[in-house]
Amino acid sequence: MARLTRDEMRGKAQTVLGLIDPAGLGSTLMHEHLIWNITPPPARGEPLKELDLGQWWDLQTRTVKDYRNSTQLDVGVATRAAAEVVQHGGRTIVELTIGGLMPDPEGLAQAARDSGAHIVMGCGHYVHDYQDPANEHRSVDELAREMADQIQLGAWGTDVRAGLLGEIGCQWPWTDLEKKMLHAACLAQQETGAALTIHPARHQDHPWMLVEFLREHGADLSLTIIDHIDRTIFDDDRLFRLADAGVILEWDLFGQESCYYQPNPDIDLPNDAGRLRDIRKVIDRGHGDQVVISHDICHIVQMTEFGGHGYAHIYKKVIPLMRRRGFSEAEIDAIMVGTPRRLLTFV
Ligand SMILES: [Zn+2]
């Protein structure tokens, strides 16, 4: 397969089925997983048993660990989930299952064909603990080349191409391997003109460390998304400082409302109304074009087939809530359509 040139890509978006006119992207969920394995690598290979949905609440809050819950490799399930989004008014799903999480580009292409949804795939590698240890010995340039190739040639041994960089993963403390990977992603952004989406470490100061690192390494902040704001930032000062820096802020845990958040039990995850209050503040400060939202579904019990809120939750519940809470149609349109379209268009 031929390498796409920068000129061929510029002004277009790229789904798992090829380049498209960004005008066709429509309403977009910017951070999801349809086919994934987020089981920690040391535990992979343990036999999976059927999920016991009688334990739904404990599975949902992850107070019960069950690796069946963190493994979704069924293309049929992914297709039905994508079709549900389209049925409720969504059009595009950004799928960020990347290195370490068992990406399946061919499976995503199949799900896109069978559901009618646009699926835009990420590339690169997730947090340190999930990465192939061989990455420690690879150079920045080699990792940058791999990511650019995943966008221009094809990803993970297939001819299915990625449409953006990330979610590049960071842990706390932030590791050298992760810094090298992010540096490589900055280089790949300069090479391809793609957006970059970053999973920050679970520490309130890490997003600002990211901004400084990105500036130092020549990233385009207006094409860079800080993910998971809802589990990372809990005060206006840090929130406004990030917005003022020009990065895109992503509230991507819609539907998860919990003070039993296992990855960081010290924090209270906001509920959806709380998320909207923070988004309102950012809009009122003049940054309405720097907000995107999503569900980041990566556990089986979050899917409607298994009793969860599902990938259409934003369409069924959150957008109506936005209207009730006084968001204008133009503000909703910027969050769901305008900003995602700008981000997914190669520059
Ligand atoms: Zn994710």
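**Entry 1: a charged pair across the chain**

I started with glutamate 331, which forms a salt bridge with arginine 280; their closest N and O atoms are 2.9 Å apart. I then checked where the two partners sit: glutamate 331 is in helix H11 (residues 329–344) and arginine 280 is in helix H9, so the pair links distant parts of the chain, 51 residues apart. A reminder to myself that this is a predicted model, so side-chain atom pairs count here only at pLDDT 80 or more.

**Entry 2: more salt bridges**

How many salt bridges does the structure hold? I get 18. The background idea is simple: side chains of opposite charge can pair when their charged atoms come close.

Next I looked at arginine 285, which forms a salt bridge with aspartate 244, with 2.5 Å between the closest N and O atoms. Arginine 285 lies in the loop between helix H9 (272–284) and strand E12 (291–293), while aspartate 244 belongs to helix H8 (residues 236–245), so this pair ties together parts that are 41 residues apart in sequence. Buried or exposed? Arginine 285 is partly exposed, at a relative accessible area of 42%. Aspartate 244 is partly exposed too, with a relative accessible area of 42%.

Then I went to glutamate 146, which pairs with arginine 138 in a salt bridge, the closest N and O atoms being 3.2 Å apart. Here both glutamate 146 and arginine 138 are buried.

I also noted a network: salt bridges link Arg3, Arg145, Asp149 and Glu191.

**Entry 3: the listed binding site**

Which residues does UniProt list for "binding site"? The unreviewed entry gives His31, His33, Glu167 and Asp296. They span 266 residues in sequence, yet no two of their C-alpha atoms are more than 11.0 Å apart, so they gather at one spot. From this set, His33, Glu167 and Asp296 are part of the lining of the largest pocket.

Glutamate 167 is buried, with a relative accessible area of 2%. Not counting residues up to four places away in sequence, glutamate 167 touches a list of residues including His31, His33, His125, His199, Asp227 and His228.

Where is aspartate 296? I found aspartate 296 in the loop between E12 and helix H10 (313–324). At 8% relative accessibility, which is under the 20% cut-off, aspartate 296 counts as buried. Leaving aside neighbours within four places in sequence, aspartate 296 is in contact with residues that include His31, His33, His228 and Asp252.

**Entry 4: stepping back**

Last, I looked at the whole protein chain, which has eleven helices and twelve strands. Its radius of gyration is 19 Å, close to the 20 Å that the globule rule gives for 347 residues, so the chain is as compact as a globular protein of that length. The C-alpha atoms fill a box of roughly 50 × 50 × 40 Å along the principal axes.

Of the 347 residues, 61% count as buried. I also checked the contacts with a separation of 6 or more: residues 24 or more positions apart account for 78% of them.

Notes
Residues are numbered from 1 along each chain as its sequence is written. This is a predicted model: local features need pLDDT of at least 70, side-chain atom pairs count only at pLDDT 80 or more; totals for chains, interfaces and linings use all residues. Side-chain values use heavy atoms; hydrogens and water are left out. A salt bridge is a side-chain nitrogen of Lys or Arg within 4 Å of a carboxyl oxygen of Asp or Glu. Buried means under 20% relative accessible area, exposed over 50%, partly exposed in between (1.4 Å probe, protein chains only). Helices (H or I, at least four residues) and strands (E, at least two) are DSSP runs, numbered from the N terminus. UniProt positions are given in the numbering used here, feature names are shortened, and annotations may be inferred rather than shown by experiment. On a 1 Å grid over the protein atoms alone, a cavity is a set of points where a 1.4 Å probe fits but cannot get out, and a pocket is an open set with protein on both sides within 12 Å along at least five of seven lines; lining residues have an atom within 4 Å of a point. Contact means heavy atoms within 4.5 Å. The radius of gyration is taken over C-alpha atoms; the globule rule is 2.2 Å times the number of residues to the power 0.38.
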